[in-house]
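Please open the model in your viewer and keep the selection panel at hand. The stops below run from the whole chain down to single residues.

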Amino acid sequence: MKILFVEPPKDVWFVMGEYLPPPYGIIQLAAFLDNRNKEVEIEVLDCNAQQVDWQGLEKHIASSNPDIVASSSLSTCNTYAVARTLETAKKVNPDILTVTGGQHFTATAEDSLRAYPEMDVIVRGEGEETLAELVANRDEKATFPQIKGISFRHQGKIVHNPQRPLIENLENLCPIAKAARGCLQASPYYILRRISCDYKDGVLTLKGNLSSFYEKQIAQETVSNVEGATLVVNEIEVD
Ligand code: B12
């Protein structure tokens, strides 16, 4: 199973001059999926950063041969670029499942599915869990009515499945911080369970209070082998 995330070719946004912002929506989803489902092959194509035009996009989709093409509009002004991306995917291979989501398509799911036959599924609201479930069920279309948070065509009608509840703890989206917290929670030293742990740019930061330098050291050792962290900063205070 292969999913290709596409940031479509866009005109330069005059307000930002030459600065090219990363397409946060799709890279967040790609990272989540990469962590959640190891069997899925993931590719991200940022047409602006990689200087790929519409012709190049068509060629890229053909050579990449994905099962799913996913794209995000961010805002309403990018609607046509997304529709054209999904149309291009269908032109290359009508069996590709085309998916989009984000603020604009969440608000206009009914109208968008009516207007764009090249759009198979709209993921409404937060995309992480919904997309992961959709990808896992890509070949079982009969299960689509059970997937919360999607709008799609089913038996000639547009169907809007019930809303998916929001992710309760957004901190769990970071697999490295989650793994580190898991180590602290699983420690036989119960006192370490009150230590908080943040992750940024390769650095795990431990915070909280303990009653001895020995415990502080144990806390650091407990998270020292977490994959993806290159440094542990131990800011635990000793009372
Ligand atoms: C960061 C940001 C920007 C950055 C974008 C950087 C980038 N390339 O990603 C910059 C500063 C460039 C920007 C510009 C603009 N922005 Co802006 N921006 C935001 C902001 C603050 C956060 C968006 C974000 O990155 N969120 C983080 C990501 C991870 O979340 P997300 O994109 O929502 O994606 C999640 C879900 O929506 C869903 N999802 C999204 N896409 C997809 C796709 C698929 C396939 C699936 C399954 C799911 C999915 O899953 C993701 C994970 O849960 C939002 C407000 C907000 N708080 O959301 C406004 C917002 C999106 N922007 C808005 C607007 C209007 C604009 C501009 C048009 C402003 C202007 N007047 O020029 C420009 C458009 C520029 C352009 N040409 O694209 C509006 C859009 C409203 C609308 N319907 O149009 C918003 C909602 C702000 C608002 N309330 O008015 N913006």
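Domain bounds, as used on this tour, come from an automatic or database domain assignment. For the protein chain, that assignment gives domain 1 (2–160) and domain 2 (170–238), and if you colour the two separately you can follow the 36 Å that separate their centres, taken over C-alpha atoms. Please keep in mind that this is a predicted model, in which local features need pLDDT of at least 70 and side-chain atom pairs count only at pLDDT 80 or more, while totals for chains, interfaces and linings use all residues. For your selections, residues are numbered from 1 along each chain as its sequence is written.

**The whole chain**

Switch to a cartoon to find eight helices and twelve strands; helices (H or I, at least four residues) and strands (E, at least two) are DSSP runs, numbered from the N terminus. Of the 239 residues, 33% count as buried, where buried means that 20 or more other C-beta atoms, placed from the backbone, lie within 10 Å of the residue's own, exposed means 12 or fewer, and partly exposed is in between.

**The ligand and its shell**

Next, select the ligand and the 27 residues around it, of which Gly25, Ser72, Ser75, Gly101 and Gly127 come nearest; a residue is near if its C-beta atom, placed from the backbone, lies within 6 Å of the molecule. Which helix gives the most to this shell? Helix 1 does, with four residues, and at least two residues each are supplied by helix 1 (24–36), strand 3 (68–72), strand 4 (97–101), helix 4 (103–107) and helix 6 (128–136).

From here, move to glycine 102, in the loop between strand 4 and helix 4. Glycine 102 counts as buried because it has 23 C-beta neighbours inside 10 Å. Leaving aside neighbours within four places in sequence, glycine 102 is in contact with Gly25, Ser72, Ser73 and Leu74, contact meaning that the C-beta atoms of two residues, placed from the backbone, lie within 7 Å.

**Helix 3**

Now select residues 79–92, which form helix 3. Its buried residues are Val82, Ala83, Thr85, Leu86, Thr88, Ala89 and Val92, and these pack against strand 1 (2–7), helix 2 (54–64), strand 3 and strand 4.

For the last stop, go to helix 7 (residues 175–186) and display its buried residues, Ala177, Ala180, Arg181 and Leu184. They cover an arc of only 100° around the axis (the arc of the directions from the helix axis to the C-beta atoms), which puts them on the same side of helix 7. What covers them includes strand 8 (196–200), strand 9 (203–207) and helix 8 (213–223).

Finally, pick valine 226, in the loop between helix 8 and strand 11 (231–234). Why does valine 226 count as buried? It has 20 C-beta neighbours inside 10 Å. Apart from its neighbours within four places in sequence, valine 226 is in contact with Ile176, Ala179, Ala180, Cys183 and Leu204. The C-alpha atoms of valine 226 and isoleucine 176 are separated by 7.0 Å, although these residues are 50 apart along the chain.

Note on methods
The expected span of a helix is 1.5 Å times one less than its number of residues.
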